[in-house]
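Subject: Structure handover

Hello,

Please load it first, then read the notes below.

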Amino acid sequence: MTTRWNCLCPSAECIGKTVKEAGLDEVEGGHLIEIIRFDKEIISPVNEDEYILGGDRLIFAGKVDEILKLRDSHQLVNATHHVFSLDEIDSNRKLRMAHVRFTSSLVGTRMADSDFEERNNVVLVAVAREGERINGSPREIVLEKGDTLLLECPPHFNAEDNTFSSNLQFFDTDLLVKTGKKTLVSSLILLAMILLSSLNVIPLLQASFLAAFAMIICRCCSIDQARKSIDWGLLMVFAGSISLGSAIEYTGIANRLAEGILSVCGTNPMYALACICLLGTFITEFTSNTATAAIFFPITYNIATTLNVNPLTFCVALMIAVSSSFATPIGSPTHMLVYGPGGYRFSDFMRVGFFMNLIIWAASLFITPLLFPL
């Protein structure tokens with residue numbers, strides 16, 4: 001994002017004219033995204049019929065070099081405050097990032113040619129393609145499938161509205177990544193946590209707690225940020241999975257299922273290993289890999305002990321199997337990230353993922369016993 005604030009000179013010819021009359025609606029290399037009036041009122045998006053008053057702060061998005069030419073052409077004064085502060089963004093406006101869907105009506109069009117911004121009360125600030133920001137006026141860029149848009153939105157913005165959901169896939173979070181000196185500090189804290197745990201100086205749990213305290217003491221994050229960043233839903237999945245696995249083991253269901261698998265596969269450990277991995281691969285397509293591992297671990301362990309073979313071989317093969325969820329978009333959160341923006345269908349995953357699952361399954365049965373003998 002390249003946003004420049006400009007404050008009108010009291011003698012500027014633009015005062016008393018509309019944005020269109022002043023020629024500020026069509027600026028080479030950028031466009032007007034909002035007006036701040038009396039340092040309180042925010043006008044965004046800016047209508048071409050909006051009148052310009054003395055002392056107005058005009059905020060442009062685009063190429064800084066081109067925007068700075070307005071000082072000479074329109075008698076504007078460069079403001080002392082040039083960019084949004086994060087506090088201002090949080091209190092007065094929202095910056096949200098979204099992908100252009102493959103089926104979006106915006107593909108092949110320019111924002112300047114549509115009323116999308118005015119109709120949805122948003123302003124396009126910047127456009128990125130394949131990870132690189134595109135220079136120039138964002139509203140003049142012809143949008144393509146998968147483009148990333150940075151939009152300025154009102155405080156009570158609803159990304160679930162049908163108008164947006166049919167054209168744009170918004171990111172799960174509206175928080176902007178903050179980088180600076182504290183980024184290096186937090187990286188060093190993370191590295192220290194990994195080293196302490198890897199070298200067996202202290203257990204991972206204690207190292208994690210120490211890292212969390214260090215992040216707060218060094219002011220890399222606040223207590224409120226740390227609390228809000230906890231994914232309670234994910235923790236419930238882990239807790240529920242472990243509880244379900246323990247229940248399967250203690251109620252004797254694991255023994256019954258193990259006996260059932262052995263009755264089909266016989267006493268050949270490779271047949272039993274192939275069967276348990278095939279079941280794990282199938283179940284993990286519809287549930288999380290954590291839940292699947294928790295369910296199948298006690299069953300797998302009982303089968304290994306019953307056959308009097310190395311349980312580690314079965315557990316490693318199971319770990320690989322429950323991580324091989326390629327045939328459905330619901331098997332992995334990463335699949336869901338691309339499912340919507342990519343315009344994929346359920347059958348697309350089945351067509352490719354089914355064979356990938358078979359390849360991983362066969363490779364696991366061949367390689368795992370070699371590295372972890374039965």
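The chain has 15 helices and 10 strands. Helices (H or I, at least four residues) and strands (E, at least two) are DSSP runs, numbered from the N terminus. This is a predicted model: local features need pLDDT of at least 70, side-chain atom pairs count only at pLDDT 80 or more, and totals for chains, interfaces and linings use all residues. Residues are numbered from 1 along each chain as its sequence is written, and side-chain values use heavy atoms, with hydrogens and water left out.

Overall picture

Of the 374 residues in the chain, 37% are buried. Buried means under 20% relative accessible area, exposed over 50%, and partly exposed in between (1.4 Å probe, protein chains only). Among contacts with a separation of 6 or more, 71% join residues 24 or more positions apart. A contact here means heavy atoms within 4.5 Å.

The cavity

The whole structure was searched, and one cavity of 30 Å³ or more turned up. A cavity is a set of points, on a 1 Å grid over the protein atoms alone, where a 1.4 Å probe fits but cannot get out; lining residues have an atom within 4 Å of a point. Grid points are joined across faces, edges and corners, and a volume is the space filled by probe spheres set on the points.

The largest cavity holds about 40 Å³. Its lining consists of Cys 277, Thr 281, Ile 320, Ala 321, Ser 324, Asn 357, Ile 360, Trp 361 and Ser 364. Two or more lining residues come from each of α11 (269-283), α13 (311-322) and α15 (346-371). The largest share, four residues, belongs to α15. By type, the lining has five nonpolar residues, four polar and no charged. Nonpolar covers Ala, Val, Leu, Ile, Met, Phe, Trp, Tyr, Cys and Pro; charged covers Asp, Glu, Lys and Arg; the others, Gly among them, are polar.

Helix packing

How do α11 and α15 pack? Their axes are 11 Å apart, at an angle of about 145 degrees. Axes are lines fitted to C-alpha atoms, for helices over the stretch in contact, and angles run from 0 to 180 degrees between N-to-C directions. The crossing of α11 and α15 is right-handed. That label applies if the near helix is turned clockwise from the far one by less than a right angle; anticlockwise is left-handed.

From α11, Met 270, Leu 273, Ala 274, Cys 277, Leu 278 and Thr 281 take part. They meet Asn 357, Trp 361, Leu 365 and Pro 369 of α15. This contact has eight nonpolar residues, two polar and no charged.

Single residues

Phe 354 is also in α15. It counts as partly exposed because its relative accessibility is 42%. Leaving aside residues up to four places away in sequence, Phe 354 touches Ala 327 and Phe 349. Its C-alpha atom is 9.1 Å from that of Ser 325, 29 residues away along the chain.

Phe 116 is in helix α4 (residues 116-120). At 2% relative accessibility, Phe 116 is buried.

Arg 219 has a positive phi, near 60 degrees, and is not a glycine. Arg 219 sits in the loop between α7 (204-217) and α8 (223-228). Its relative accessible area is 68%, so Arg 219 is exposed.

Asn 308 also has a phi near 60 degrees. Its loop runs between α12 (289-307) and α13. Asn 308 is exposed, at 71% relative accessibility.

Best regards

Technical notes:
1 Å grid on protein atoms, 1.4 Å probe; cavity = no way out; pocket = protein on both sides within 12 Å on 5 of 7 lines; lining within 4 Å.
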